[in-house]
Amino acid sequence: MRIRIDTSGSRASVAVAGRFDAHEVAEFRTVVEPLVAAADELRLDLSNVVFIDSTALAELVRLDKATRAAGGTLVLTDLSDPVRVIMEITALLPVFTVEEPAGAGADGAP
Amino acid sequence: MSSALSSAVAGPGGAGPLESALARLTDPAGSDADRREAADGIRDLVQDMTLAQHEITGALIAVQDRMTALRALTQINVESLGEAEADVRMLTEARTMTDSDTVVLVGDDTHLYAGPDPEAAAALVRLVRDQLAAPRQVPIAVTDGGATVVAVLRQPDPFRRALGFARDGWAFTTGDLQLVEAVMSATDMMQTLTRMHLEAVERAAIAQEHQAASSLAQAVLAQPLPRVDGVELFCSSMPASLAGGDFHVFAVVDGRLWFAVGDVAGKGLPAAIVMSRAVSATRVALRTSLDPGAAVAAVSAELYDYLGDVGVFVTLVVGVLDPADGTVRACNAGHSPVLVRQQGRVRPVAADTAPVGVLEIEDPTVTELRLAPGDALLVGSDGLAEQEDGAGELFGYVRLEQVLAGGPSSAEELGRQVLAAVAGHADGTAPSDDCTLVVLTPSGAVAR
């Protein structure tokens, strides 16, 4: 897993690439946790995640709740197919704020 | 070498006193008085030599004793003796080795000593403490005109800061200080070993508690499978480690078979602890709910706050099968895989709601389906589809659906075939997640 962070003003963008699973969650939390309080909008790019497991999904749910509690928003800006599929299967997709990249036409997405 | 011996064998001026005395004894021109004097000289020399020999033997024995003590010191086994006893043994050996009268080991508030005189030991401890409190510390400090040595340890701990050595009125030599140095090194080494040993013991204790907690958590799953006429049930659950987050619960209420399969996000003991609580909540919900949707809502109401606190969610499917007509009503809270085979065609049973712990679930939808002879309902956990082969490729949903589509009609046989296919795919690769499989099939006519 690789994590890239860009912060500008009250907005923080985090891009995760590679495997996002139980082994990576601790590092993800260490890196992203400080942004929850610092940023009004936390944008998470998952377009290069090749595999996600339930522990990582739970971490995303936890992060979503934590940003809400801190008065901010978590926005998933782009989902790779593996992430989209597992979110559809688990009915988690409606839980998150997902922003499709302009002009992108992922299968079934409007 | 003894001075007496060296002067006897090779005295000053070439020929030794022994040879000159022998020459005078055997000189034909010499007087009787000369010969007597020469004989007395020879007698003295022989006596000197005997004394010297004893001296050498004594010195050799002392060296031998010190060597033995040094060996004993390096072989003190912390593991078999325990810490305190090892310290006492070390002091005893150090006392022999350095030929000291008193040896002390001083810690922050403690001290141990070896020697015959407690008062001498107390005085030495005070001296060591003064030295430890001194602004400028040297590793080995000689005081008291050379009769005491204080050695500050390089690997100190609260019980072992410094060693003190004292002789009763005679000084330590430079050679003795090397022995003190050797004692210090051995003590430092022993302390390192002790620390390593204690850490290992602690780790083993934690591992043992972990194992006990894991078996306790896993024990909540141990219940015999219910038998319901008209339904064949297969169930297999394997945690990836000693315990895991997968669970299953069955109940028979009014002739109907209630089933629940769930998966706590995460692995190992932390997931298992949440799992054991989820099992209790589910067990109560199955026995008190009129409908699978109500059961999922009840589990959610019970666990939502708790799951939020611990930051995990639980995927859960609850269903009730009526063996009279094969109808199944199920509520799927984000669980997968849930697959149904009807007339040879396989399709997933979609989620009715997000997993428990994500949102408050109040009135979820319920999926209804019917199992005719030859049909099957398969509920697994993600460990099933996510089993990797040696190259890291997942078993996947497509393979799982294929095995189900072409599989036998008996739940038992079908379940074994699915597990065999997953094991065949893994080909020895260790499972990365807990793996649960429940299969339900209708088993012919129902007598009711």
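## The interface between chains A and B

Across the interface of chain B and chain A, three residue pairs are in polar contact, both residues of each pair being at pLDDT 80 or more; a polar contact here is a pair of N or O atoms within 3.5 Å, where within protein one atom must be able to donate a hydrogen and the other to accept it, and residues adjacent in sequence count only if both atoms are side-chain atoms. By class, the side of chain B that touches chain A has 11 nonpolar, seven polar and four charged residues, with Ala, Val, Leu, Ile, Met, Phe, Trp, Tyr, Cys and Pro taken as nonpolar, Asp, Glu, Lys and Arg as charged, and the others, Gly among them, as polar. The structure is a predicted model, in which local features need pLDDT of at least 70 and side-chain atom pairs count only at pLDDT 80 or more, while totals for chains, interfaces and linings use all residues. Residues are numbered from 1 along each chain as its sequence is written, chains are lettered from A and ligands numbered from 1 in the order in which they are written, and side-chain values use heavy atoms, with hydrogens and water left out.

In terms of contact (heavy atoms within 4.5 Å), 22 residues of chain B meet 18 residues of chain A. The two chains bury about 1400 Å² between them, 64% of it on carbon and sulfur atoms, buried area being the accessible area (1.4 Å probe) that two parts lose on being put together, summed over both. On the chain B side, B:F313, B:V358 and B:E386 lose the most area to chain A, together 28% of what that side buries. One salt bridge is counted between the chains, a term that requires a side-chain nitrogen of Lys or Arg within 4 Å of a carboxyl oxygen of Asp or Glu; B:E388 forms a salt bridge with A:R19, with the closest N and O atoms 3.3 Å apart.

Strand β7 (residues 246-253) of chain B has six of its eight residues buried, where buried means under 20% relative accessible area, exposed over 50%, and partly exposed in between (1.4 Å probe, protein chains only). Helices (H or I, at least four residues) and strands (E, at least two) are DSSP runs numbered from the N terminus, and two strands pair if DSSP finds at least two bridges between them. Strand β7 pairs with strand β8 (residues 256-264) of chain B in the antiparallel sense over eight bridges, and the two form a hairpin with two residues between them, where B:D254 in the turn has a positive phi of about 50°.

B:F247 stands opposite B:G262 in β8 of chain B, and B:F247 is also among the residues touched by B:T282. B:T282 lies in helix α8 (residues 268-288) of chain B and counts as buried at 1% relative accessibility. The side chain of B:T282 reaches the backbone oxygen of B:A278 at 2.7 Å.

## Salt bridges within the chains

Over all chains, the structure holds 24 salt bridges. A:E59 and A:R29 form one of them, at 2.7 Å between the closest N and O atoms; this pair links helix α2 (residues 54-69) to helix α1 (residues 25-38) of chain A, 30 residues apart. A:E59 is buried at 3% relative accessible area, whereas A:R29 is partly exposed at 34%.

In chain B, the side chains of B:R256 and B:D322 meet in a salt bridge at 3.5 Å, N to O, which links strand β8 to strand β9 (residues 314-322) across 66 residues.

Note on methods:
Lists of a residue's contacts leave out its neighbours within four places in sequence.
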